[in-house]
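Let's take a walk through a protein model, one piece at a time. Keep the picture open while you read.

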Amino acid sequence: MIRLVIFDLDGTLVNAYPAVSRSVNYTLRTLGFSLRTHDEIKRSVGGGDRKLMAHFIGEAQADRAIAIYRSHHTKALQAQGGVKLLPGALGALKFLKKCGVKLAIASNRPTKFTRIILKKLNILEFFDMVLCADRAPKPKPYPDILWAITKRLKVKKPEALYVGDMTIDINCGRRAGIRVVAVNTGSSTTKELNDLKPWGFIDKMGRLKSIIIKAKELT
């Protein structure tokens, strides 16, 4: 039986790519670098904001860049159109809560920005635990963040499910020994996700309900 569902955040439950793009390009412009397209930026997220900036400007200026990025990003997330729930996400959360399933967030985003998003979208109350890379032993794709959540919530790994939109999420779940449902609403392509053969695959969050029901029927 599934007692815990852990979610990635960006590209899985929410679309915060507009805010990320604005902050990345603000930082690039400030430091005199060429701007990047929305698609280029979207394809580069997942490893945390410092890795994101280092990807575009190099490691030498990454510390300076991340300070500029983070200062701007708080405003970008709060701005109109900066972040929104993905279709079906709210319904999935309500369904799981009604079923008595524990919910958690595992994100490589810093805790500060993750909580800004959850509060802005009025979904923080759904989650029994929120753990981000800045408060975990190691970031995804290392398994530590998922292990820490299952341990804290006292759920065995076979009773947990991890839902994410990127190959990094599938690799994280596999290393942790936790089943992964991949959803192709984020940065990785359908082929990239399917090539890694996740336990489940959905094309939108609204289909998670059928996955959960099927899992219950098999127990």
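This is a predicted model: local features need pLDDT of at least 70, side-chain atom pairs count only at pLDDT 80 or more; totals for chains, interfaces and linings use all residues.

Setting aside residues up to four places away in sequence, Asp 134 touches Arg 109, Pro 110 and Thr 111.

Now look for Gly 48. Along the chain, Gly 48 and Asp 134 are 86 residues apart, yet their C-alpha atoms are separated by 9.3 Å.

Reading across it, the order is 5-4-1-6-7-8, and the pairing is parallel. Strand 5 (129–132) and strand 8 (200–202) are the edges, each pairing on one side only. Going from one strand to the next, the twist averages 20 degrees.

Zoom in on strand 1 (residues 4–7) and strand 6 (residues 160–164): they run parallel, and 4 bridges join them. Which residue of strand 6 stands opposite Leu 4? That's Ala 160. Helix 8 (residues 167–176) packs on the sheet, where it touches strand 6 and strand 7 (179–183). The direction of helix 8 makes about 170 degrees with that of strand 7.

## Two helices against helix 4

Helix 4 (residues 62–78) has helix 1 (residues 17–30) packed against it, at an angle of about 140 degrees and with the axes 8 Å apart. How does that count? An angle over 145 degrees would be roughly antiparallel, so helix 1 and helix 4 are oblique to each other. Their crossing is right-handed. On the helix 1 side, the contact includes Ala 19, Val 20 and Tyr 26, and on the helix 4 side it includes Ile 68, His 72 and Leu 77. Sorted by class, this contact of helix 1 with helix 4 has 9 nonpolar, 5 polar and 1 charged residues.

Helix 3 (residues 49–57) packs with helix 4 too, at about 120 degrees, with their axes 9 Å apart. Helix 3 and helix 4 are therefore oblique to each other, and helix 3 passes helix 4 in a right-handed crossing. Among the residues making this contact are Leu 52, Met 53 and Ile 57 of helix 3, plus Ala 65, Ile 66 and Tyr 69 of helix 4. By class, the contact of helix 3 with helix 4 has 8 nonpolar, no polar and 4 charged residues.

## Helix 6 and what covers it

Which residues of helix 6 are buried? They are Thr 111, Phe 113, Thr 114, Ile 116, Ile 117 and Leu 118. Strand 2 (14–15), helix 3, helix 4, strand 4 (102–107) and strand 5 are included in what covers them.

Take Thr 114, which is found in helix 6 (residues 111–120). Its relative accessibility is 0%, so Thr 114 counts as buried. Leaving out neighbours within four places in sequence, Thr 114 is in contact with Leu 9, Ile 105, Ser 107, Arg 109, Val 130 and Cys 132. One last stop: just after helix 6, Asn 122 takes a positive phi of about 60 degrees.

Note on methods: Residues are numbered from 1 along each chain as its sequence is written. Side-chain values use heavy atoms; hydrogens and water are left out. Two strands pair if DSSP finds at least two bridges between them. Axes are lines fitted to C-alpha atoms, for helices over the stretch in contact, and angles run from 0 to 180 degrees between N-to-C directions. Contact means heavy atoms within 4.5 Å. Angles under 35 degrees count as roughly parallel, over 145 as roughly antiparallel, 65 to 115 as roughly perpendicular and the rest as oblique. A crossing is left-handed if the near helix is turned anticlockwise from the far one by less than a right angle, and right-handed if clockwise. Ala, Val, Leu, Ile, Met, Phe, Trp, Tyr, Cys and Pro count as nonpolar, Asp, Glu, Lys and Arg as charged, and the others, Gly among them, as polar. Buried means under 20% relative accessible area, exposed over 50%, partly exposed in between (1.4 Å probe, protein chains only).
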